[in-house]
Amino acid sequence: MIVTLIVVCEVGFWVLLAAGLGARYVLRMPRLGAGLLLCEPLLEVLLLVVSAIDLKNGADPSWRHGLAAVYIGYTVGHGHRTVKWLDGHAAHRFGGAPPPAKPPRYGMARARHEGAIWLGTLIAGSVASALLLAAVWYVGDAGDTSRLEASIAGVWRAVGIHGLIALSYSVWPKKAPEAPEAPAPEAPQGTPEKTSAVAARDPEHVPDLAVRGPRQDEEQV
């Protein structure tokens with residue numbers, strides 16, 4: 001039953017997401033679209049409650065029971081970013097909006113971007129751990145909670161690995177490719193150097209002011 005419910009919730013997440021965006025941009029009903037998008041976390045909550053009840057009734061624990069808490073943690077930590085990314089593309093495709101801006105790729109701007117994503121992972125891990133601890137407390141001595149406790153350790157292992165990857169962008173920032181050097185501009189026609197050279201070869205090109213002075217002096221003499 002848990003496996004079936006996980007599949008239903010996973011399919012339902014994307015169905016609600018598509019329906020919410022469709023109602024918002026295709027049907028021009030933003031309130032209905034927002035309501036459908038807000039229903040997505042309810043699927044994960046339902047999955048977690050059913051998982052805890054299943055363990056309470058003596059079911060054999062497995063990784064599937066902890067997966068519901070991970071889903072909810074992801075929704076809290078990264079759900080808004082995922083919905084915003086899809087919403088931007090839907091607005092561009094159906095609403096005539098400009099294409100969404102791409103994330104930075106180089107330098108410390110990329111490091112800050114990766115750090116913000118890791119912060120979402122940290123929030124997701126905290127929420128998932130809190131829900132798993134609540135499930136452990138609810139089950140108590142009535143069932144085996146070892147897999148739920150193991151899920152907590154796995155969550156923080158993933159948070160740590162993601163943190164190291166995000167930190168690497170700060171320690172070794174990715175450099176932008178060097179732009180090719182622009183060719184040197186050609187000298188314009190009629191530069192002073194060329195003018196003086198031409199004047200030296202051809203006296204007729206000497207300006208009038210240069211020869212007017214001596215002629216006036218001869219006339220006065």
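Biologist: Among contacts in the chain between residues at least 6 apart in sequence, what percentage join residues at least 24 apart, and what makes a pair a contact?
Modeller: The share is 71%. Two residues are in contact when they have heavy atoms within 4.5 Å of each other. This is a predicted model, in which local features need pLDDT of at least 70 and side-chain atom pairs count only at pLDDT 80 or more, while totals for chains, interfaces and linings use all residues. Numbering starts from 1 along each chain as its sequence is written, and side-chain values use heavy atoms, with hydrogens and water left out.

Biologist: How many helices and strands are there, and what makes a run a helix or a strand?
Modeller: The chain has 8 helices and 0 strands. The order of elements from the N terminus is α-α-α-α-α-α-α-α.

Biologist: What percentage of the residues is called buried, and by what cut-off?
Modeller: Of the 221 residues in the chain, 31% are buried. The relative accessible area must be under 20% for buried and over 50% for exposed, with partly exposed in between (1.4 Å probe, protein chains only).

Biologist: What makes a set of residues a nonpolar core, and how many residues has the largest one?
Modeller: A nonpolar core consists of buried Ala, Val, Leu, Ile, Met, Phe, Trp, Tyr and Cys residues joined through side-chain atoms within 4.5 Å. The largest has 19 residues, and L5, C9, L47, L48, L132 and L148 have the most contacts inside it. At least two of its residues come from each of α1 (2–26), α3 (40–56), α4 (63–94), α5 (107–139) and α6 (146–171). The greatest contribution is that of α3, with 5 residues. A second, separate core has 9 residues, among them L21, Y25, L86 and A90.

Biologist: Which residues does L148 touch?
Modeller: Leaving out residues up to four places away in sequence, L148 touches L55, H65, G66, L132, A135 and V136. L148 is one of the buried residues of α6, along with others including I152, V155 and V159. The buried residues of α6 pack against α3, α4 and α5.

Biologist: How do you know how α5 and α6 are oriented to each other?
Modeller: Two packed helices are described by the angle and the distance between their axes. Axes are lines fitted to C-alpha atoms, for helices over the stretch in contact, with angles from 0 to 180 degrees between N-to-C directions. For α5 and α6 the axes come within 9 Å and cross at roughly 170°. Angles under 35 degrees count as roughly parallel, over 145 as roughly antiparallel, 65 to 115 as roughly perpendicular and the rest as oblique. The pair is therefore roughly antiparallel. The residues of their contact are 17 nonpolar, 9 polar and 3 charged. Here Ala, Val, Leu, Ile, Met, Phe, Trp, Tyr, Cys and Pro are nonpolar, Asp, Glu, Lys and Arg charged, and the others, Gly among them, polar.

Conventions:
Helix = DSSP H or I, 4+ residues; strand = E, 2+ residues; numbered from the N terminus.
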